[in-house]
Amino acid sequence: MNAHQKPAGETARPAYNYAYLDEQTKRMIRRALLKAVAIPGYQVPFGSREMPLARGWGTGGIQVTAAIIGPDDRLKVIDQGADDTTNAVSIRRFFERTADARTTEATEEATIIQTRHRIPEAPLKAGQIMVYQVPQPEPLRKLEPHEAETRKMHAWAEYGLMQVKLYENIARFGEVTTTYDYPVMVNGRYVMAPSPIPKFDNPKMQMSPALQLFGAGREKRIYAVPPHTSVRSLDFEDHPFRIQSWAEPCGLCGAKDSYLDEVVIDDQGGRMFVCSDSHHCETRREAGHRGAMLADASALHLVEDEAKP
Amino acid sequence: MNMQVNPQELSLEPSPLLSVSGLSRFYGERIGCTGVSFDLWPGEVLGIVGESGSGKSTLLRCLAGIDRPDEGEVLFRGGPAPLDIYSVAEQERRRLMRTAWGIVHQNPRDGLRMDVSAGGNVGERLMDNGARHYGRIREKALDWLARVEIAENRIDDRPRQFSGGMQQRLQIARVLVSEPKLVFMDEPTGGLDVSVQARLLDLLRVLVRDLGLAAIIVTHDLAVARLLTDRLMVMKDGRVVEQGLTDQVLDDPHHAYTQLLTSAVLSV
Amino acid sequence: MYVAVKGGEAAILATHDLVAEARRGDENVPELAVTQIREQMGLACARVMNEGSLYDPDLAALALKQSQGDAIEAAFLMRAYRTTLPRFGSSEPVDTARMAIRRRVSATYKDLPGGQVLGPTYDYTHRLFDFSLMEEARVMVGPDPTISGPESDSGAHPSGDARVEPGHDAKPLDAFMPRVPDILGAEGLMEEEAPPAGDPRPFDLTREPVSFPAERDVRLQAMARGDEGFLLGLGYSVQRGFGGNHPFVGEVRVGEVSVEFVPEELGFAVDLGEITLTECQMVNQFTGSKDVPPQFTRGYGLSFGHSERKAMSMSLVDRALKCREFGEAADYPAQQDEFVLYHSDNVEAAGFVEHLKLPHYVDFQGELELIRRIRRERAERLAREDEPLPEVAE
């Protein structure tokens, strides 16, 4: 009989520690987080553990959240800005099971927000923690494949090559063509990869009252931006950083200043644009805002019968 | 303008830009180079000649900060205080290699970013040192491309699309943009055909003179040495067998090996 | 549309049901037992133990059953489970010289103490289907038509186990089977493998992050858990000239070794049991330096269960990665530790490759906006018929 087989009578399900990770591992992650917060933007190597979810599917963010979550926390999990994408659902269920976590979809009520690829539209408050899922923590990786070399470049602030890349974009296209995971300078010292959030969201990181933590499980790095830290998107003096904009507002709630997803309606090229932040959109609709396509959207079963009085 | 008086500059005894003593590098039991000592003065061009296998490339790499020698010292006086380039931290050495001196490689592919445009290649050193105005970086790049006789409209092309001679000239521009005091060149005309070589040599001669550069040029081609260098060091089997003023060494060689080298040159 | 409408949760539950159905297959066919997999798919279980980084044939068999035979999924299960297990410490180094040999061959010597023991191997089978295996009641052990041999041979050739059984016309195996590199080492011809001063516990990359350049213990651990196919390809590339020097198989041995552990409270070694290991030592071209006379150099591979291809590939890449220590240029992938270590982890690789299936439409939206705008501006420029456009490459 092996160690994991229980004598007859006991249930076969092994008991997991609170939030899955053992206390030793959590301590290790917290030490890494403290170091990360002390050196804003610096990538701290950590002993990333094998998790029951696959690498590339959020194991870094999950380990960070698991290390900091407690019974008093309220957890929000989003992917592409929405609470109901399959992977956000999967991760939320993971914490419900292993930490008996209290969860919410309301941004303002969350104490921890784990996210993949978006920052919520509602401004964050002091005391909130954003946990970003990061696929590639190294902003210089595409320019320099070797870890041994990029480490030196960060240590000695040798960031000329990054600027060259931006120069090349402008020379070829007239503008910087990076639209997501747009590199930023943190606290005037480290160049950081903000994770594949659209550049639209970059300004939200600047001087945020919230704590921002970044976890890369596969690449085994943790980094952080403490509250009220300068986060500046790289650019040139005469080609300043610009965010995206759309020609039309959200078709469901009429919002003009949120990030919009494109939804293909029919096979004749018909399309509508909808808030990526599902909770933001819902909140606006509940407050009475109506977008031009709301009636159609209901007919297409994109929303539940909200258009009806 | 800040007028600072540097006592060193007022001294009546100028110092060499580079002082090398007892430089040696071995590959296992094989000698790369050994016992090399010399001084290089500001604005002076030194040639290192010899056959392949003579140790001249090994020596150049040790002088330029690329390979650490097994023995000896390289002292650089490009700044306020003399710097032993191998006892400073790697970070400092890397910085110097990007600013105070430059290396023109034999194969331009080793000295250029092949996937970056000509303008980007030339502008890189400026951006390394904090330049953040696209328009001004581009102006400076255009200026240097003109100086190395590369057409303006090639600024956005990548080196892959350039001929060998153009790539070499681009490499020179890339290195000179930071206005270094010392340039190392490894067979700068190697692999180029004769007419292209001539044009490049002319360009180098003019630039070195106009900018007051000191340079160390490794070459197996005595014609290049004669045209570009003030002084010459002849190497054989890792040792310097003769050194002196270029014209003297080439016209009146003392060492048997030097005599062999000079007599083997076909006079055109 | 599973995003705007609230259905993501329901979709996930439904998908688990579908997986269970697919895994069971036709209900009229008897369900596989975990013990059957452990016994009759031993080589698959060995692979899962290696890449799952956990020695437990029962768990490996369960993992294969649960993952419908997908070896990487199975390894993933093993690894996730391994994370939760408490660690007592490290065993004493296993002594493969004292292995209970079931198979041991050397290409560098015609004969050597202990002899060439062919053992159970597919090496000399003819790859012809044995269609009789399709009948369910067929007993697998018996005269094997895929192994050639004269009809008049005495007795049956067991096609599985080569453990010597009484009654067969064979002498028992030698107890003394020195490892080939030790034989060469006695003559001073083989580079020594000396542990660092004090013989400290090796680095454990499952507990701490790796930094590059990586030391040998890290490289060996990473390769032991690495994907067999990836290492096989890299080993092959070494042989074909991408960074090789000529390797010889000094020895491949397969058998059981004891695992010993010294609990702090006792202060002496306790035998925890036996595991099956495969060990390969490659002998490579000699090098030398100013201070050291020429010696053969070594490539080492070690794996759980019977897994020769893995151990051999590992030893080829081990030698290639030693290039730095011998002052050889690292021109090719098999010689570059970052390349090998990062990309040989198939559980990580699979995670990242397959994560592309996750929604990326927010970022893609940014790309759509950009490309539409650039095309629009270009069209406007063309319409004005101004100066020629700069080339937009690719």
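Biologist: Hi! Where is the place of D73(A) in chain A?
Modeller: D73(A) sits in the loop between α2 (59-68) and β2 (74-79) of chain A. Helices (H or I, at least four residues) and strands (E, at least two) are DSSP runs, numbered from the N terminus.

Biologist: Before we go on, what am I looking at, and how is it labelled?
Modeller: This is a predicted model, where local features need pLDDT of at least 70 and side-chain atom pairs count only at pLDDT 80 or more, while totals for chains, interfaces and linings use all residues. Residues are numbered from 1 along each chain as its sequence is written, chains are lettered from A and ligands numbered from 1 in the order in which they are written, and side-chain values use heavy atoms, with hydrogens and water left out.

Biologist: Which side chain has a polar contact with the side chain of D73(A)?
Modeller: T111(A) does, at 2.8 Å. A polar contact is a pair of N or O atoms within 3.5 Å; within protein, one must be able to donate a hydrogen and the other to accept it, and residues adjacent in sequence count only if both atoms are side-chain atoms. The side chain of D73(A) also has a polar atom 2.8 Å from the backbone nitrogen of G70(A).

Biologist: New topic: how many residues does the contact take from chain C and from chain A?
Modeller: Chain C gives 55 residues and chain A gives 68 residues, with contact meaning heavy atoms within 4.5 Å. About 5,300 Å² is buried between chain C and chain A, and carbon and sulfur atoms give 54% of that. Buried area is the accessible area (1.4 Å probe) that two parts lose on being put together, summed over both.

Biologist: How many salt bridges are there between chain C and chain A?
Modeller: Six. One of the salt bridges joins the side chains of E175(A) and R373(C), at 2.7 Å, N to O. There are also 24 residue pairs in polar contact across the interface of chain C and chain A, both at pLDDT 80 or more.

Biologist: And chain B with chain A, what area is buried there?
Modeller: About 1,900 Å², with 53% from carbon and sulfur atoms. R94(B), R132(B) and Y134(B) supply 38% of the area that chain B buries against chain A, more than any other three residues. The salt bridges between chain B and chain A number five. R136(B) forms a salt bridge with E237(A), the closest N and O atoms being 3.5 Å apart.

Biologist: Last one: is D345(C) buried or exposed?
Modeller: Buried, because its relative accessibility is 11%. D345(C) lies in the loop between α10 and α11 of chain C, and its side chain reaches the backbone nitrogen of V347(C) at 3.1 Å. Not counting residues up to four places away in sequence, D345(C) touches R79(C) and R225(C).

How values were computed. A salt bridge is a side-chain nitrogen of Lys or Arg within 4 Å of a carboxyl oxygen of Asp or Glu. Buried means under 20% relative accessible area, exposed over 50%, partly exposed in between (1.4 Å probe, protein chains only).
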